[in-house]
Amino acid sequence: MPPGCRHGSPNDEGGKQTLNTFTCPSCGALPLSDLQLYQPELFNAHSLRFGPWCARCGARALPKPSLPAGPRPPLLLISGSCASGKSTVSYLLAQRYGCVQIDGDWILHLRRREVGHAPEYPSIDTDMLAMAAGILALGRPVVIAHVILPAQLGIYADFCAARGIPWQMAALLPSEEVLLERNRTRVCWPKTTPEYWVRKFHTDLQDAPDAFKRWYYDNSLETPAETAQRLAERLGLASVAAAAADELPGE
Ligand SMILES: [Zn+2]
């Protein structure tokens, strides 16, 4: 069965929802039918507001710490400096290939709103991984879009290794010229990111140890749709254009 294939989900058996991997602080264990992946509006042009949320009361649902064993669809990590295309490519993977998007910029914003300050490293990474694990256990592939620098990748690799989660990464590395031009002209954010950070993250990725370089992806000459298609093919994900809409509410 190809990863991301909708058939064979434990939740489909006899039409019953037999598996829940998230709980609501107020309502308790949430069957799939009461899990809403995203809030309806976008955070910016390409960031879905992933919770997931309790469809009964609206609270943010929390992933269960222990999940049943079993095969998992793939987790894709998309890294890259600001304006490299992470959000857009992950959004297209969600819209066209059935991935669930966890966008780091949105999650950082949400956590700041929830606790009044930015989460400290590496809690944001482990937080996103725990949510991804809950979604993967429901049979859906996940894409995390976040500035994952070489020093942080071990957190992701170790988490996945311990849970049998197949993962891949694409560190988007368009040329610096393309990157700065995209940052200057991007329209999805109200203001451009200071060039210091664009250059710094780009340099940190370029200076990565050799073991990390296998994940480099030069998307200078590709449209986001082309990059999304290539990554989907790499993961073995089929296009789900009109499908999957009925699988989880709130999409
Ligand atoms: Zn609830």
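Modeller: Axes here are lines fitted to C-alpha atoms, for helices over the stretch in contact, and angles run from 0 to 180 degrees between N-to-C directions. Helices (H or I, at least four residues) and strands (E, at least two) are DSSP runs, numbered from the N terminus. The model is predicted: local features need pLDDT of at least 70, side-chain atom pairs count only at pLDDT 80 or more, and totals for chains, interfaces and linings use all residues. Residue numbers start from 1 along each chain as its sequence is written.

Colleague: How many helices and strands does the protein chain have?

Modeller: Both kinds of element are DSSP runs. For the protein chain, the count is eight helices and 10 strands.

Colleague: What percentage of the 251 residues of the protein chain count as buried?

Modeller: A residue is buried if 20 or more other C-beta atoms lie within 10 Å of its own, exposed if 12 or fewer, and partly exposed in between, with C-beta atoms placed from the backbone. Strand E4 (residues 47-54) is mostly covered, with seven of its eight residues buried. Over the 251 residues of the protein chain, the buried share is 40%.

Colleague: Are H3 and H4 roughly parallel or roughly antiparallel to each other?

Modeller: Helix H3 (residues 123-136) packs on helix H4 (residues 153-163) at about 30 degrees, with the axes 10 Å apart. Angles under 35 degrees count as roughly parallel, over 145 as roughly antiparallel, 65 to 115 as roughly perpendicular and the rest as oblique. H3 and H4 are therefore roughly parallel.

Colleague: Which residues of H3 and H4 make the contact?

Modeller: Two residues are in contact if their C-beta atoms, placed from the backbone, lie within 7 Å. The contact of H3 with H4 divides into five nonpolar, one polar and two charged residues. Ala, Val, Leu, Ile, Met, Phe, Trp, Tyr, Cys and Pro count as nonpolar, Asp, Glu, Lys and Arg as charged, and the others, Gly among them, as polar. From H3 come Asp-125, Thr-126, Leu-129 and Ala-133; from H4 come Ile-155, Tyr-156, Phe-159 and Arg-163.

Colleague: In what crossing does H5 pass H6, left-handed or right-handed?

Modeller: The axes of helix H5 (residues 176-185) and helix H6 (residues 195-206) come within 11 Å and cross at roughly 145 degrees. Glu-176, Leu-179, Leu-180 and Asn-183 in H5 meet Glu-195, Val-198 and His-202 in H6. A crossing is left-handed if the near helix is turned anticlockwise from the far one by less than a right angle, and right-handed if clockwise. H5 passes H6 in a crossing that is right-handed.

Colleague: Which are the edge strands of the open sheet of five strands?

Modeller: Two strands pair if DSSP finds at least two bridges between them. This parallel sheet has the order E7-E8-E6-E9-E10. Pairing on one side only marks strand E7 (100-103) and strand E10 (216-217).

Colleague: Which residue in E9 stands opposite Leu-76?

Modeller: Strand E6 (residues 75-80) and strand E9 (residues 167-172) run parallel, joined by six bridges. Opposite Leu-76 stands Gln-168.

Colleague: Why is one side of E2 and of E5 left without a neighbour in the sheet?

Modeller: The open sheet has three strands, E2-E1-E5, paired antiparallel. Strand E2 (28-30) and strand E5 (62-63) stand at its edges, so each has a single partner strand.

Colleague: What is the bridge partner of Leu-42 in E4?

Modeller: Strand E3 (residues 35-44) pairs with E4 in the antiparallel sense over six bridges. A hairpin joins E3 to E4 through two residues. The partner of Leu-42 is Leu-48.
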